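Visitor: I would like to learn how to read a model like this one, feature by feature. Could you take me through it slowly?

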Amino acid sequence: MQSDETVLSLEAVTKRFGGLVVLDGIDLVVGPGELVGLIGPNGAGKSTLFNVMTAIYAPTRGKVRFKGKDITGAAPHHICRFGIARTFQLVRTFLTMTAFENVMVGAVYGSGGRVRHARDAAEAALELVGLSAKRNVTTAHMTLSDRRLLEIARAMASEPSLLLLDEPMAGLNPTEIRQMVEVIRRTRSEKGISILWVEHKVDAIMKVCSRVVVLDHGVKIADGTPVEIVANRKVIEAYLGEPAA
Amino acid sequence: MTAMANISWKWAAALLTVILALVPFWPGALDSYLFSFLFFVFIYAVMAQGWNLVAGFGGQISLGSHAFFGLGAYTTAILWSGNYLWGSLYETFPRIYYFDPVTMVLSGLVAALAAALIGLPLLSKLRGDYFALGTLGFGEILKVIFVNGGDFTGGAFGLVTPSSTFETLMPHYYVGLGLTVGTAVAIGWLMRSRYGLALIAVRDDEMAASANGINTLKVKVAAFAGSAFIAGIAGSLYSFYIFHVGPDSVFNLDWMLLPLMMTVVGGTGTVLGPILGAFIMYAVFDIARIFVPDYHPIISGLTIILAMLFLPKGLVRKILPMSLARN
């Protein structure tokens, strides 16, 4: 594996909480410009894996590399400055700020010096997700869907090379889901960045992602194109249970 | 429209400042009750503004303001009574310590340094109520240390500075007014800066702030130290008024509780709230103390309960346009 060709690589990442093994030797690679979906049943370890990548947890064993550089155990606020931006499953926007101020935080603090003109970057990020008209709305008055889009804008304002999306569809209605899929597609095509996308809604992932990784009980059970994944016996078993003999 | 409102409120605040600056020229003002009343309002407004920085804007509820107020008061008294700063100049200029800006700034810096030292472990490990209790504990520890500080701190009695330097309350009044306006302008400017953006981000969601590249511990410790600096300067000003700095008076819990109540009544997380709260609440406390001395804690307490019931977000947010009240 050539490190300069990968954006993110996890090497044998294991995470234990006491006697409970939540992640067991996960290897995962995300290449430049790739849109990778990460799925798995409840309790598969998706969120824990996210938290290991963003240094909220330190892995018990294994390494996290970003563009070849070992970032295992870095301070959480350095992760974004390196170029890994994320959104949260339970939306975390700054509620007393306006939409624009939220995005400014990403542009000013998240970019680690990449962004020269924070205001321009913030405006562009709002434009990207279609929230320009709501730039002066206080976040507390925004809908869940808009807040999820705002989180993506805030992440994108730091001009990252990797975007981690943690269930961006959760709680959205079908219209909003279509809008979200459109934003994710546009983000990837316009900015050319890599995206790792954790999602419960498997159909959305299968439609949009070029590659899908499946976790079950902390183990990676499949890694391939959507066509390969839907035909994978282990995946079907993980989601539907073992077939009756 | 809000921009217009913004400008007119700024003019109103400037006009009020000018009127307050002219009060001492009113015949008989210097000997009036109103004059010393305003001086105390200023001290409390400065204390309230300091608490507001870390708790209102930063979301870190500190219960240790009295510790930093006391540290500032003691630093001034120690420097002065021990003549640690100006050496032989003190003999030539016997009033050199009285309202000496170097002494006042040092008093603020000692408090800020103490806040940084205690804030690093507290703010990296404790959140919410636990941080609040930690700061409360710090105040009590300091008090015990100063009681047992021997000749250096004057023990349980404290230190006395030369009260013969006192002529009028005029310098106290102007320094108090200057600090009230100065802290408000400084914090208003700070909250529009990049640092202010980070501080609000930490208050609103610490995890999201961290994920967006903000060093949350640094931001919180800076706010805590800045708040302590303001309290230390207020303590220094108070020591120029009282000339006797003792552990029971300057480490008194009132120096934490009253500014806290004033800020909450006026509006936490706003620049004008602490000032407005200090005016109103100090008036209530003082009027109750003068006219119904036996019942004054009841009246003061009742006012706070009523304020919390009807103005949970503070008075400022009720009377000012939203855009201005925020900053």
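This is a predicted model: local features need pLDDT of at least 70, side-chain atom pairs count only at pLDDT 80 or more; totals for chains, interfaces and linings use all residues.

Visitor: How should I read a sheet, and in what order do the strands of the four-stranded sheet of chain A stand?

Guide: Strands of a sheet pair through backbone hydrogen bonds, and the pairing may be parallel or antiparallel. In chain A, four strands form an open sheet with the order 2-1-4-5 and antiparallel pairing. Strand 2 (20–30) and strand 5 (69–70) of chain A are the edge strands, each pairing on one side only. Strand 1 (residues 8–17) of chain A is joined to strand 2 of chain A by seven bridges, the two running antiparallel, and Phe17(A) stands opposite Leu20(A) of strand 2. Helix 1 (residues 46–53) of chain A packs on this sheet, where it touches strand 1, strand 2 and strand 4 (61–66) of chain A, and its direction makes about 65° with that of strand 2 of chain A.

Visitor: What is the pairing in the six-stranded sheet of chain A, and which strands stand at the edges?

Guide: The six strands form an open sheet in the order 6-7-8-3-9-10, and here the pairing is mixed. Strand 6 and strand 10 (219–224) of chain A stand at the edges with a single partner strand each, so one side of each has no neighbour in the sheet. Direction ignored, neighbouring strands of this sheet are turned by 20° against each other on average. A parallel pair is found between strand 3 (residues 35–39) and strand 8 (residues 194–198) of chain A, joined by four bridges, and the bridge partner of Gly37(A) in strand 8 is Trp197(A). Helix 9 (residues 233–240) of chain A packs on the sheet, touching strand 9 (211–216) and strand 10 of chain A, and its direction makes about 125° with that of strand 10.

Visitor: Turning to helix pairs, at what angle do helix 8 and helix 11 of chain B pack?

Guide: Angles over 145 degrees count as roughly antiparallel. Helix 8 (residues 170–192) and helix 11 (residues 216–242) of chain B pack at about 170°, with their axes 11 Å apart, and they are therefore roughly antiparallel to each other. Helix 8 of chain B makes the contact through His172(B), Val175(B), Gly176(B), Leu179(B) and Thr183(B), and helix 11 of chain B through Ile230(B), Ile233(B), Leu237(B), Phe240(B) and Tyr241(B). The classes in this contact are seven nonpolar, three polar and no charged residues.

Visitor: Why does Tyr84(B) count as partly exposed?

Guide: Tyr84(B) counts as partly exposed because it has 13 C-beta neighbours inside 10 Å. Tyr84(B) is found in the loop between helix 3 (65–81) and helix 4 (89–92) of chain B, and, leaving aside neighbours within four places in sequence, it is in contact with Ile78(B) and Leu79(B).

Visitor: Finally, how many helices and strands does each chain have?

Guide: Chain A has nine helices and 10 strands, while chain B has 17 helices and two strands. The radius of gyration of chain B is 20 Å, close to the 20 Å that the globule rule gives for 327 residues, so chain B is as compact as a globular protein of that length.

Methods: Residues are numbered from 1 along each chain as its sequence is written. Chains are lettered from A and ligands numbered from 1 in the order in which they are written. Two strands pair if DSSP finds at least two bridges between them. Two residues are in contact if their C-beta atoms, placed from the backbone, lie within 7 Å. Axes are lines fitted to C-alpha atoms, for helices over the stretch in contact, and angles run from 0 to 180 degrees between N-to-C directions. Angles under 35 degrees count as roughly parallel, over 145 as roughly antiparallel, 65 to 115 as roughly perpendicular and the rest as oblique. Ala, Val, Leu, Ile, Met, Phe, Trp, Tyr, Cys and Pro count as nonpolar, Asp, Glu, Lys and Arg as charged, and the others, Gly among them, as polar. A residue is buried if 20 or more other C-beta atoms lie within 10 Å of its own, exposed if 12 or fewer, and partly exposed in between; C-beta atoms are placed from the backbone. The radius of gyration is taken over C-alpha atoms; the globule rule is 2.2 Å times the number of residues to the power 0.38.
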